[in-house]
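Please read the points below with the model open beside you. They are meant as a colleague's notes on how the fold is held together and what its surface shows.

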Amino acid sequence: MIEKISIKLAVFLKKHVNEKDWNEEDFVKKASFLQIKIYLFLILIIMSIIFDIYFETLISLILVITIRTIGGGNHFKSADICLIVTLITVLLPILLNYFLDEQYYKSIFITVLLFYICFFPHTQAVRKYTVRKKIVIALVLLTSYILYKKAILTPLILIPDLLIRRVKADD
């Protein structure tokens, strides 16, 4: 069923894109990408229902998507690895919140904010408009902290990726 939905979405995209910009290989990649995204959202919906963490999941997912979109995403060789890493990145901070004391969130927020201001964005391809992107990411982090301060663990989980990608980009 999910495969059929992803193929229909890819066919829809193909109809709305110039034929010159779309070949058979692109179609297969887009269909596979859409299939993984559908699985990801279904798994997140099921997990949020089981654990009653709708709001937390939504905020965490928005943060991951925003940070990866603005700063450049990490690309894995396999779509399955991407699915697993994204699930961990979204769900791990939510689960860690049950073990972390309230007094640490302000310190975590300041640490995360400083890391993202110093090292964001992390790839050469997305370093254009660096100052604007740093301002936007700072506002995103501040807004998420104000709305739900426990959401700050999501960008904290992404810091190692940020640092690794920054070192690779500088080489």
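The notes below go from the basis of the model to the overall fold, the core, individual residues and the surface.

1. Basis. This is a predicted model, in which local features need pLDDT of at least 70 and side-chain atom pairs count only at pLDDT 80 or more, whereas totals for chains, interfaces and linings use all residues. Residues are numbered from 1 along each chain as its sequence is written, and side-chain values use heavy atoms, with hydrogens and water left out.

2. Overall fold. The chain has seven helices and zero strands, following the pattern α-α-α-α-α-α-α along the sequence; helices (H or I, at least four residues) and strands (E, at least two) are DSSP runs numbered from the N terminus. Among contacts (heavy atoms within 4.5 Å) with a separation of 6 or more, 79% are between residues 24 or more positions apart. Of the 171 residues, 39% count as buried, where buried means under 20% relative accessible area, exposed over 50%, and partly exposed in between (1.4 Å probe, protein chains only).

3. Nonpolar core. The largest nonpolar core holds 27 residues, and those with the most contacts inside it are Leu 44, Val 112, Tyr 116, Phe 120 and Ile 152. At least two residues of this core come from each of helices H2 (24–51), H3 (54–71), H4 (79–96), H5 (105–119), H6 (130–147) and H7 (153–170). Such a core is a set of buried Ala, Val, Leu, Ile, Met, Phe, Trp, Tyr and Cys residues joined through side-chain atoms within 4.5 Å. Leaving aside neighbours within four places in sequence, Ile 152 is in contact with Tyr 105, Ile 108, Phe 109, Val 112, Leu 141 and Tyr 145.

4. Aromatic pairs. There are two aromatic pairs in the structure; rings of Phe, Tyr and Trp (its six-membered ring) pair if their centres lie within 6.5 Å, with planes under 30 degrees apart counted as stacked, over 60 as edge-to-face and the rest as tilted. The pair of Phe 55 and Tyr 148 is edge-to-face, because the ring centres are 5.6 Å apart and the planes stand at 85°. Phe 55 lies in helix H3 and Tyr 148 in the loop between H6 and H7, so this pair ties together parts 93 residues apart in sequence. Phe 55 is partly exposed at 41% relative accessibility, whereas Tyr 148 is buried at 18%. The rings of Phe 109 and Tyr 145 are stacked, because their centres are 4.4 Å apart and their planes at 20°. Phe 109 in helix H5 and Tyr 145 in helix H6 are 36 residues apart, and both are buried.

5. Two buried threonines. Thr 89, in helix H4, is buried at 7% relative accessibility; beyond neighbours within four places in sequence, Thr 89 is in contact with Ser 60, Val 64, Thr 154, Ile 157 and Leu 158. Thr 57, in helix H3, is buried at 6% and touches Leu 44, Ser 48, Val 90 and Ile 94, not counting residues up to four places away in sequence. Thr 57 and Ala 151 are 94 residues apart in sequence and 9.1 Å apart in space, C-alpha to C-alpha.

6. Surface. Ile 84, Ile 88, Leu 92, Leu 95, Leu 96, Tyr 98 and Phe 99 make a nonpolar surface patch of about 720 Å². Patches are made of residues with over 30% relative accessible area and no salt bridge, like charges being joined within 9 Å and nonpolar side chains (Val, Leu, Ile, Met, Phe, Trp, Tyr) within 5 Å; a salt bridge is a side-chain nitrogen of Lys or Arg within 4 Å of a carboxyl oxygen of Asp or Glu. Phe 99 lies in the loop between H4 and H5 and is exposed at 73%. The chain exposes about 10800 Å², of which carbon and sulfur atoms supply 68%; accessible areas come from the Shrake-Rupley method with a 1.4 Å probe, and for residues only the protein chains shown count as cover.
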